[in-house]
Amino acid sequence: MLTVRLCRAGVSPGLTSFVRSPVVPATPQLSKGQIARLFVNDGRSSYTRTARKRATVVERATAPAGETAINVGKAAVAGGALAGLGGLCYYGLGLSSRTGSIDHAHLWPQYVKDRIKSTYMYFGASIAATVGSAALCLRSPAVMNIVMRQGLVSIGLSLAAIIGSGMIVQGLPYEKGFNSKHVAWLIHTGILGAVVAPWSLMGGPLIMRAAWYTAGIVGGLSTIAVCAPSDKFLAMGGPLAIGLGVVFASSLASMFLPPTTVLGSGMYSIAVYGGLLLFSGLLLYDTQRIIKRAETYPMYNIDRPYDPINNAISIYLDTLNIFIRILGISGGSKRK
């Protein structure tokens, strides 16, 4: 591509003198037609170069995927595991200068202990209800045919059912005894059990292994959250919310992008390995939030009493997401 600089010289009207740039030979006395063709060719060259760049980006995104994205995800999870073990040793052995919730748990009033106990009882009951719902769905071919459908309509209906039932549960006030909130809570956990049911087809040994891994991760992270200072992980709410949006978008994209391409493999790695790190962080955050809320929530709030179901749902969803991602990672390793 020629680059010229137009200079007005003291010549007769209608004539133009061109001075060459440092890298282009001199091209004196070009006609107006030559000048027009020069700039047209220059524009075409820029357009061609831009089109080639776009084609290169598309080719790279749709190129066959290697092991880079998966290896990066594995390295990130390994780093998170090392950080978790370090945190468990640091806080569990009492090396921190600030005390955690476990150090002053014996000073809690009885109502704080009752709140935390009821929250974790609903957490365990949510897991049991989800397992029972998944087992019932596995015995019903009609239900399995519905939950295993692919496409935008099926995904939209599933998300609407999960989000809608969750909003109904959290919107109802908590009252002692079996009531409408408990019914909505069981429906919500049942819907999630139906969504998880197709994962059960991966095989019993794989599911049991993933369940044990999940129990170990949840137990270790809960211990870290309890032993750490009570406000240590409560400041992570903003970054975790941003990460949740990224993982959610990556999960949707990985449903439509083939995992055999570079872009699809990257989205899958973010959704699975990044999601595992994200929900581990959310478990730390939600555990400390439950303890903080149990300690500070007004005891005599008649309009809106302390709600153990709403607090249990947060760590229940974190645990369920951790289990699904561990199962996906284990299933991928088994297929390889």
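# Close-up views of a predicted model

**View 1. An acidic residue, D318, is buried in this predicted model without a salt bridge.** The side chain of opposite charge nearest to D318 belongs to R289, and it is 7.0 Å away, whereas a salt bridge would need a side-chain nitrogen of Lys or Arg within 4 Å of a carboxyl oxygen. D318 has its place in helix α10, which covers residues 308–335. Leaving aside residues up to four places away in sequence, D318 touches F279, L282, L283 and D286.

**View 2. Y122 and Y174 form an edge-to-face aromatic pair.** A search of the whole structure finds four aromatic pairs, and in this one the ring centres are 6.3 Å apart while the planes stand at 90°, so the pair counts as edge-to-face. A pair of aromatic rings is described by the distance of the centres and the angle of the planes. Which parts of the chain does the pair of Y122 and Y174 tie together? Y122 lies in helix α3 (residues 110–138) and Y174 in the loop between α5 (152–171) and α6 (180–196), so the pair links parts that are 52 residues apart in sequence. Y122 counts as buried because its relative accessibility is 15%, and Y174 is likewise buried, with a relative accessible area of 14%. Together with W185, Y122 and Y174 form one aromatic cluster.

**View 3. Y297 and Y306 form another edge-to-face pair.** The centres of the rings of Y297 and Y306 are 6.1 Å apart and their planes meet at 70°, so this pair, too, is edge-to-face, for which the angle has to be over 60 degrees. Y306 is buried, with a relative accessible area of 8%.

**View 4. L157 is an exposed residue of helix α5.** With a relative accessible area of 58%, L157 counts as exposed because the value is over 50%. V147 is 10 residues from L157 along the chain, and the C-alpha atoms of the two residues are separated by 9.8 Å.

**View 5. Residues 1–27 have a pLDDT that stays under 50.** For residues 1–27 the model has 29 contacts beyond four places in sequence. Where pLDDT is low, the predicted coordinates should not be read in detail. As for the protein chain as a whole, its pLDDT averages 75, and 70% of the residues score at least 70.

Methods: Residues numbered from 1 in each chain as written. Predicted model: local features only at pLDDT ≥ 70, side-chain atom pairs only at ≥ 80, totals over all residues. Heavy atoms only, no water. Helix = DSSP H or I, 4+ residues; strand = E, 2+ residues; numbered from the N terminus. Buried < 20%, exposed > 50% of the residue type's maximum accessible area, 1.4 Å probe, protein only. Lys, Arg positive; Asp, Glu negative; His and termini not counted. Contact = heavy atoms within 4.5 Å. pLDDT = per-residue confidence, 0-100. Phe/Tyr/Trp six-rings, centres within 6.5 Å; stacked < 30°, edge-to-face > 60°.
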